[in-house]
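Subject: The structure, and some notes on it

Hi there,

Here is the structure I promised to pass on. Have a look at it first, and then read on for my notes.

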Amino acid sequence: MSGQRRKGCRFFRAAAAVTAVLLCWPGTAAAAKTGGPGAALEEENRFDIAGMALWEEAQERQRNLPNVKAEIQGTWSLEYGGLKVNRPFSGEADLDGLGTEQLSGQISFLSAGEETVYSFGGGRVTKKTGGAEKVLVSDPAAWRELSENFMDRTTYDLSCVKWLRVSGHEEERADGSTVLSYELDGEKAAEQVEPAVKGWLEGMGLSLSGNEDWFRLDRAEGELTVSSSGYMAVDRIQAEAEIFLGQRTVKGTFEICIVYG
């Protein structure tokens with residue numbers, strides 16, 4: 001994998017204007033990082049070399065697809081001051097022209113009976129909730145950067161991966177697929193997802209502590225199923241985090257499953 005490509009943690013990344021989309025799309029983090037797998041290989045015994053090669057190849061194949069479809073299921077919860085909010089969500093994605101300025105399609109999410117649709121096309125990204133529509137991206141330069149790097153922003157940078165191993169071999173699975181288990185480095189992943197989390201919390205009316213260490217990602221583990229043809233088939237991730245608001249701590253959990261069509 002070239003160190004010159006812009007990559008980042010799928011726990012949830014993209015241009016600032018669409019961080020809300022990628023907070024729910026494993027893809028979900030904000031700033032991209034450069035760098036090859038060297039930083040992730042400081043401890044060789046944490047990595048299955050064959051599994052890592054399969055991981056990289058599957059991501060490269062996925063990025064080069066002209067069209068991607070996916071079904072999304074997940075849930076998030078926040079526990080704050082004795083109160084707990086638990087919110088399941090579901091969604092669908094259908095995008096054409098990946099990696100080009102002709103990118104078009106939609107990503108939709110349904111939660112608590114309300115649907116939010118992000119539309120891509122014509123040099124713009126719009127968000128529609130209920131009857132209200134808002135333009136998120138219209139600047140040509142921002143559109144070009146987003147469209148050219150969109151699939152890079154839905155895959156992981158190996159420098160964020162703490163360990164990776166093959167947990168389900170081809171000979172054990174009737175469909176010939178392989179399951180890769182992984183854990184993300186909490187500190188590195190937190191750095192990338194912080195802008196999206198901050199915007200999301202402020203949108204909910206929660207003010208953040210002045211402390212720079214206001215967000216901690218305690219756990220982020222998942223499984224990536226690679227199909228017999230070498231493409232990403234199913235990605236599941238579970239994460240636990242703590243958010244420090246003044247003298248109080250918000251505990252958050254996040255689970256998501258993306259099934260690629």
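To what number does the count of salt bridges come? The count comes to seven. Please keep in mind that this is a predicted model. Side chains of opposite charge can pair when their charged atoms come close.

Let me begin with strands β9 and β10. R216 and E242 form a salt bridge, and their closest N and O atoms are 2.0 Å apart. Because R216 sits in strand β9 (residues 215–226) and E242 in strand β10 (residues 232–245), this pair ties together parts that are 26 residues apart in sequence. E242 is buried, at 10% relative accessibility, while R216 is partly exposed at 42%. Both belong to a network of salt bridges that links R216, D218, E242 and K251.

A salt bridge also joins the side chains of R219 and E240, at 3.3 Å from N to O. Here R219 lies in strand β9 and E240 in strand β10, so the pair ties together parts that are 21 residues apart in sequence. R219 counts as partly exposed, with 23% relative accessibility, and E240 is partly exposed as well, with 34%.

E57 is partly exposed at 42% relative accessibility, and R61 is partly exposed at 31%.

Now to the surface. E71, E92, D94, D96 and E115 gather there in a patch of negative charge. Strand β2 (residues 83–96) gives the most to this patch, with three residues. D96 has its place in strand β2 and is partly exposed, with a relative accessible area of 36%. L95 is also found in strand β2, but L95 is buried, at 0% relative accessible area. From C-alpha to C-alpha, L95 and N67 are 5.6 Å apart in space, although 28 residues apart in sequence.

S181 is buried, with a relative accessible area of 7%, and its side chain makes a polar contact of 2.8 Å with the side chain of S167.

Happy to go through any of this with you.

Best wishes

Definitions and conventions:
Residues numbered from 1 in each chain as written. Predicted model: local features only at pLDDT ≥ 70, side-chain atom pairs only at ≥ 80, totals over all residues. Heavy atoms only, no water. Patch = residues over 30% accessible without salt bridge, like charges linked within 9 Å, V, L, I, M, F, W, Y side chains within 5 Å. Areas by Shrake-Rupley, 256 points an atom, 1.4 Å probe, with all protein chains shown as cover. Salt bridge = Lys/Arg side-chain N within 4 Å of Asp/Glu carboxyl O. Lys, Arg positive; Asp, Glu negative; His and termini not counted. Charge placed at Lys NZ, Arg CZ, Asp CG, Glu CD. Helix = DSSP H or I, 4+ residues; strand = E, 2+ residues; numbered from the N terminus. Buried < 20%, exposed > 50% of the residue type's maximum accessible area, 1.4 Å probe, protein only. Polar contact = N/O pair within 3.5 Å; in protein donor to acceptor, adjacent residues only side chain to side chain.
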